[in-house]
Structure formats: structure tokens, C-alpha cells
Number of protein chains: 2
Amino acid sequence: MGPNVDRRPPVMADVARLAGVSHQTVSRVLNDHPNVRAETRTRVMRAIDQLGYRRNLVARALVTKHSRTLGVVSFDTTLYGPASTVYGIEQAARDAGYFVSIVSLRTIDRAGVNDAIGYLAEQGVDGIVVVAPQRSAARALDDLPAGMPAVAVEGWHQGEVSVVSVDQVEGARMATSHLLDLGHETVWHVSGPADWLEAEGRIEGWREVLTAAGRPVPGALTGDWSPRSGYQAGKQLAAMIGDVTAVFVANDQMALGLLRAFTEEGVKVPEQISIVGFDDIPESEFFSPPLTTIRQDFGAVGRRSIDVLLRQIESGEALPHERLVVPPRFVLRGSTAAAR
Amino acid sequence: MGPNVDRRPPVMADVARLAGVSHQTVSRVLNDHPNVRAETRTRVMRAIDQLGYRRNLVARALVTKHSRTLGVVSFDTTLYGPASTVYGIEQAARDAGYFVSIVSLRTIDRAGVNDAIGYLAEQGVDGIVVVAPQRSAARALDDLPAGMPAVAVEGWHQGEVSVVSVDQVEGARMATSHLLDLGHETVWHVSGPADWLEAEGRIEGWREVLTAAGRPVPGALTGDWSPRSGYQAGKQLAAMIGDVTAVFVANDQMALGLLRAFTEEGVKVPEQISIVGFDDIPESEFFSPPLTTIRQDFGAVGRRSIDVLLRQIESGEALPHERLVVPPRFVLRGSTAAAR
DNA sequence: AGATTGGGTGTTAGCGCTAACAGCGATGAA
DNA sequence: TTCATCGCTGTTAGCGCTAACACCCAATCT
């Protein structure tokens, strides 16, 4: 072997030497600078793949001050909602030529979110998306590093950042109205956990419709989004069958739990009780009975949030904060029926 | 405002000036170098938070050649399995002080995976995890950049990289044996799509047990992991009721589809037909009936893969390739019963 | 006493790249 | 002819950090 067989990956200067140009010309070729002779360009290109050269984006980022990396802070990405949102974010970011660096929190609190944002800032991300469905998490956005472009997803409404979210209140209105339209006297609610903004929005829409229609507003049962908590709520509701004829459940997984509890207790859905869920997870269509629910387009939320964020980054200045709302969609299936 | 109120974030030299030391001393403080006087250290620390200084990891990475970032290439992270695996990866990586940069592929093929790996390499990741459940994807690992530490998850067995996966064959054996033990003459199978290694492993284990027991091996129905494809398979199976008394379904979502089809066709589970799923998604326990299934510990797979990868990275040399297998677990619930 | 250690600190070089500017030959205008 | 212009290329500086080494001043040893 010759003396030049070292394992160190080639750098721009190596390419330049081989192509007989300066490293700057190589840089120009790589960055599609117009003022390069076609013949020079091809010579450089040839040298590049002869050496298997890959440009070092770290060095590039150091001088340009742009890493073309976006940070995402999320909570429990094994859940369908966050997972789909993050997926949408990732796709949109990559289409725009950005990398995505993810921090997935175990527990969500202001300090945790702050730390995560801090790490990402050190790492040099050009902007941050915070999937902040909880009040405490959303508040962490108030102390972002100065000048850091950011956008909140499913987040706090009055904050100092742009927010993209599905209209939870409207979704809850759709669900509740549908049940009232079927002739039910009132609608019960199994809500999500207290601190969650989505849970609050769904309670608000539900209560609003009932109140507007002059119906009694039953106390909401509280779950934690899990099928098990829905199952427990279902057991309670089953004991009140007759009084309860319609339930709006704050997500599909809890609705599945209710379905299971009702099956065990011999309560027929939708004959004795109607159920509307929320989210439209891929499984809902195949529940027994298939679940009437409110679809959230998580992918769209992810994509829109990247639109907003990139506009901020690429304008280079602090743009006015936007509030983007993605409409939910009512999906009629077999878990609801007219009141007897 | 004074003349020094510029928006440029503070750098190490600014901290040094304020603390009355050299920038190198600041660096030493930040890197916990032992040879710094306690008094100097506190003076530097004070200057750091007085200025709100954050170190620039991009510059650090340029000189150290380590970004402390890991790349993850995955496919459809909205599915429970990949999402959980990636979550496990992310947690383990962060616990070890690494960032995670994700590329989530829409379609999975060798070229796509190769591109993704290329981007990640340019970006300067210290190592790569490829969640490569498909043959074609797994093969992309054969042309990794030289010297890039990597690990495959749920991947190809004979490759030139370490692999961490759940023992699919064993899981399928458990499922099939369970059904045979219940007295069923044979077991039908609804498999995953052809190119998937997990689908192949599950077919293999199923076939192996049937063959060993001298039972007929029915032709497998093929699904695409979705509840809908399971539903379609269920319709076909329902038409053969009597002949078919036991089915092993390659994942829980398809099993849900079967359940739905059987409900529609008036086929009773488990009285007329027994079903075993695979994965143990959080919903399975609340299906009607609750699904007997094989649990995969995706989180463990993610964590183990990071162990393997970090060992490679931190040793600094090419370690022998490992093959780590995480055992599956049988979960007995209500969808299986003894043959009549 | 002088030599030797070693903890604490500063100085210098350089990671691989882009920005800014300088240079140079060919072209066109005066 | 002379000077400005323009397309293409090279040279230089520097992004913010760490590594390597030099240095100084105690403390310790011979």
C-alpha cells in the first residue's frame, strides 16, 4: 500500500487538489454558485465521487450559523396522536431540506421542556417545534432563548409563539350535537386528564352545546386517555344505564375501554347507549360496533407547523404570531343511534 | 442603551473576559477538567449564567469529531411497533448524553435507506440505528460509509452489522403450540406482507410447530398489517367455519379486523374459533373478547440497540458483530378456548 | 542551595468550511 | 487606444471551540 492510504475521510481540499482547483471552487460547485465554468464543474464532480467525498455539514453550520436542523420536543411518542404529528413534522421538514432532532419527554413539566429546549439550542437547531398538549409544558415556551424561532403544536393559546392545533372545541361540539340530534336528553362525558389542553377544549365544546340547548350538564368522568381508564368509566356508566343514553368520550382508546365494559355488563351499543369517540385512530373503524368519532388530521397539523416555523426562520426576523386551526371532521359509524 | 447591547449570543471569549480568565479556562470548567481552582470555577460559572451563555456544540463537534448525535432511520413511525422502538432508542440515547436525529421513510427500499444514511453521515452523526424490518431495507446496511458504527433493529440476520430483535420465530411457536395444546387439529395463519422479515419469522415458527406435530399446514392468508386487511381475511375464514377452528394472526391490528369480520358473520370467538395475535398493543386487552397474544418488548429492543451502538462508538474500533435477541412473552386472554 | 515535580493557567494552532475580496483575462464602450 | 465591466477563479480570514504545549509559581526532594 502507498503512503497515502489513510482512513481519514476526504475533505474539500483533497477534492480541490485532485480536480486542480482551489477549495473555494469546490465549495462553489457544491453550493450551486452560478459563476463556475461547466467544464470545471464536471471536473470537480468527478473528483468528488472518485474520492467518495461528503461535505462536512458541521463545519458548514459553524460558519453559516444555520444547521438546517429543527428541534422537536414531544411527549410520549408511542401514542397515536403525538406519533402521527411528529411523523408529519418530520416529513415536511425533510421535504424542505431540514433535519429533525427529537427529544421525547417521559414526564412533561415546565422544567423538562425547558431543559429539552436548552439542549436543542446548544446543539444549534434553527428552530423548535414543541408538541405541548399540557398547560405546564406550554408555559415553558414563555422562556425560549431570545430570537429562537418556535411554534407550539396543540398548545397554549395566549402564548408568545405561533400555535397550530386542531379545533378541539369545535370537535366536541360536533360530537355532542350529533348525539342531541339523535334525540338523547343529554350527553355524558368521559374526559382526558385535567392538565391537558385538549381535554379542556373537549369539555368546553361539550358543555357549551348542552348549555345552549338547555340540557342538564352531568358531571364529567375523568380518564387518563388509556383504554383501562375508559373501561373503569364504562363500569360506572353501566351501573346507571337508563339514566345514561349517550356518552362523548374524549378519545378513541378510552371509548374502546367503554365498549369492553359495556359488553361485559350486557349493555348494548348503540341500542341502549350511544358512544362518540375522538381522534379516529386506525383501529376505530373495526371496533364492535365501529366507532362514530371525530377525526383529527395529525399529519396536517405537523405539516402546517413546519410551514409556520420555516417562514419564521427564513424571514430572519420576528414575525407576528399566528394561530392556525385545523378543522376536525365528524365520522359517522355504528356506535350511535337514535334515542328510544 | 449602551453600545454593547448587541443581539449576538455570547461566546466563550465573552465569558472569559467577564470572569478575567482565558477562554481555555472557561472550556476547562465546562468540560469538568480537574485542574481548575475551585474559586476560578465559581467565578467562571457566575459569568456564564450572568451572560446566559450556552456553549456552541457545533464548534465543539468540529474539533472533537464527535457530535454526540445518533441517527435513526425508520419506517412509518405512526405504527405502534416502530414508534415504541424509536421511543426506546430516544430515551436510552438521551440517558447516555446523545441527541437523536430521525429520518422517517415513507416507502422503504434500498435507495431510500441509503440516502437517509448518507444525509445522516454528512450531518456528522456518531452512529446509526436502522429500524429495518424489510429485506430490501436491511440490505442497504451492506453499503454503510466505511467506519460508521451502526446497528440494525428487527433486521437482516446475516449482515455485516450487529442486529437486535425480538425472536419472531419463537413467538410464533408459542402462539401455534398454545392453539395445538388446546386440542385444535391445525392452525391457520394470517401473515404480514411478503418482504417483511417479521412476517417471515412468524410464518417459519408457525409452520415448524405444525410440521413437527405432523399436522396439515394450511396456506397462509396474507395481510398488510392493517385492521382492514385482517377484516378481509376474516371474511374469507368465516366462510370456512367448521374447517377452521384456530387462527394465528401476525399482528394485533389484523386480529382486530378478524374479530370485526367474525362479529358481522355471527362467528363466536372463542367458542367457534380461537385467535392469537402478535405485539400486544395497549388496545388488545380491551378487544371483545380480550386478545390472547404474544408481547414484544419494543422498548427493550430500542434500549439494547443503543447499548450495542454506544459500545461500538466508544470503543473506537470495529467490534465483532453481535446478534441480540429479546424473548417474546405469551399473554393469555380471552380469545382462545379448547377445541370442541 | 539547586533541581524536580505538578497544579493551575495562558497561548497558539487548527478542525473544514464559507464570505469577502482580490486578481486576471476577455469583452465592449468611449 | 484606454478604461470600465464582467465572468471565473484564487487567497485570506475567521466561525467558536478543544488539543497541545508552554509557562509560572508553589511545594517537595536531593
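This is a predicted model: local features need pLDDT of at least 70, side-chain atom pairs count only at pLDDT 80 or more; totals for chains, interfaces and linings use all residues.
**Entry: relation of the two chains**

The same surface serves both, since 100% of the contact residues of chain A recur in chain B.

**Entry: the interface**

I counted the residues in contact next. Chain A brings 46 residues, and they are in contact with 46 residues of chain B. Which elements of chain A each supply at least two residues of the side that touches chain B? I listed α4 (57-64), α5 (80-95), β2 (99-105), α6 (110-123), α10 (227-238) and α11 (252-265) of chain A. The largest share comes from α5(A), with eight residues. I sorted this side of chain A by class and got 20 nonpolar, 16 polar and 10 charged residues.

**Entry: α1 and α2 of chain A**

I turned to helix α1 (residues 12-19) and helix α2 (residues 23-30) of chain A. Their axes come within 8 Å. The crossing angle is roughly 105°. Therefore I logged α1(A) and α2(A) as roughly perpendicular to each other. I then wrote down who meets whom. From α1(A) the residues are A:Met12, A:Ala13, A:Val15, A:Ala16 and A:Ala19, and they meet A:His23, A:Thr25, A:Val26 and A:Ser27 in α2(A). The residues of this contact divide into six nonpolar, three polar and no charged.

**Entry: the four-stranded sheet of chain A**

I traced an open sheet of four strands in chain A. The order is β7-β6-β8-β9, with parallel pairing. Which strands are at the edges? They are β7 (221-222) and β9 (274-276) of chain A, each pairing on one side only. I checked one pair in detail. Strand β6 (residues 188-191) of chain A pairs with β7(A) in the parallel sense over two bridges. There A:Val190 has A:Leu221 in β7(A) as its bridge partner.

I looked for helices packed on this sheet. Helix α8 (residues 168-181) of chain A touches β8 (246-249) and β9 of chain A, and its direction makes about 170° with that of β8(A). Helix α9 (residues 197-212) of chain A touches β6 and β8 of chain A. The direction of α9(A) makes about 170° with that of β6(A).

**Entry: the four-stranded sheet of chain B**

I repeated the trace in chain B. An open sheet of four strands has the order β7-β6-β8-β9, with parallel pairing. The edge strands of chain B are β7 (221-222) and β9 (274-276), each pairing on one side only. This time I checked strand β6 (residues 188-191) against strand β8 (residues 246-249) of chain B: they run parallel and are joined by three bridges. B:Val190 stands opposite B:Val249 in β8(B).

Helix α9 (residues 197-212) of chain B lies across β6 and β8 of chain B and runs at about 170° to β6(B). Helix α11 (residues 252-265) of chain B also packs on the sheet, touching β6, β8 and β9 of chain B. The direction of α11(B) makes about 145° with that of β8(B).

**Entry: α10 and α11 of chain B**

The axes of helix α10 (residues 227-239) of chain B and α11(B) come within 6 Å and cross at roughly 45°. That makes α10(B) oblique to α11(B). What is the handedness of the crossing where α10(B) passes α11(B)? I found it right-handed. Residues of α10(B) in this contact include B:Pro227, B:Tyr231 and B:Leu237; among those of α11(B) are B:Met254, B:Leu258 and B:Phe262. The contact residues divide into 11 nonpolar, five polar and four charged.

**Entry: backbone checks**

The bond from A:Ser288 to A:Pro289 is cis, with omega near -5°. A:Pro289 lies in the loop between β9 and β10 (293-295) of chain A. A cis peptide bond also joins B:Val269 and B:Pro270, with omega of about 5°. B:Pro270 has its place in the loop between α11 and β9 of chain B.

I then looked at phi. A:Arg68 has a positive phi of about 55° although it is not a glycine. Where does A:Arg68 lie? I placed A:Arg68 in the loop between α4 and β1 (69-75) of chain A.

Key. Residues are numbered from 1 along each chain as its sequence is written. Chains are lettered from A and ligands numbered from 1 in the order in which they are written. Two residues are in contact if their C-beta atoms, placed from the backbone, lie within 7 Å. Ala, Val, Leu, Ile, Met, Phe, Trp, Tyr, Cys and Pro count as nonpolar, Asp, Glu, Lys and Arg as charged, and the others, Gly among them, as polar. Axes are lines fitted to C-alpha atoms, for helices over the stretch in contact, and angles run from 0 to 180 degrees between N-to-C directions. Angles under 35 degrees count as roughly parallel, over 145 as roughly antiparallel, 65 to 115 as roughly perpendicular and the rest as oblique. Two strands pair if DSSP finds at least two bridges between them. A crossing is left-handed if the near helix is turned anticlockwise from the far one by less than a right angle, and right-handed if clockwise.
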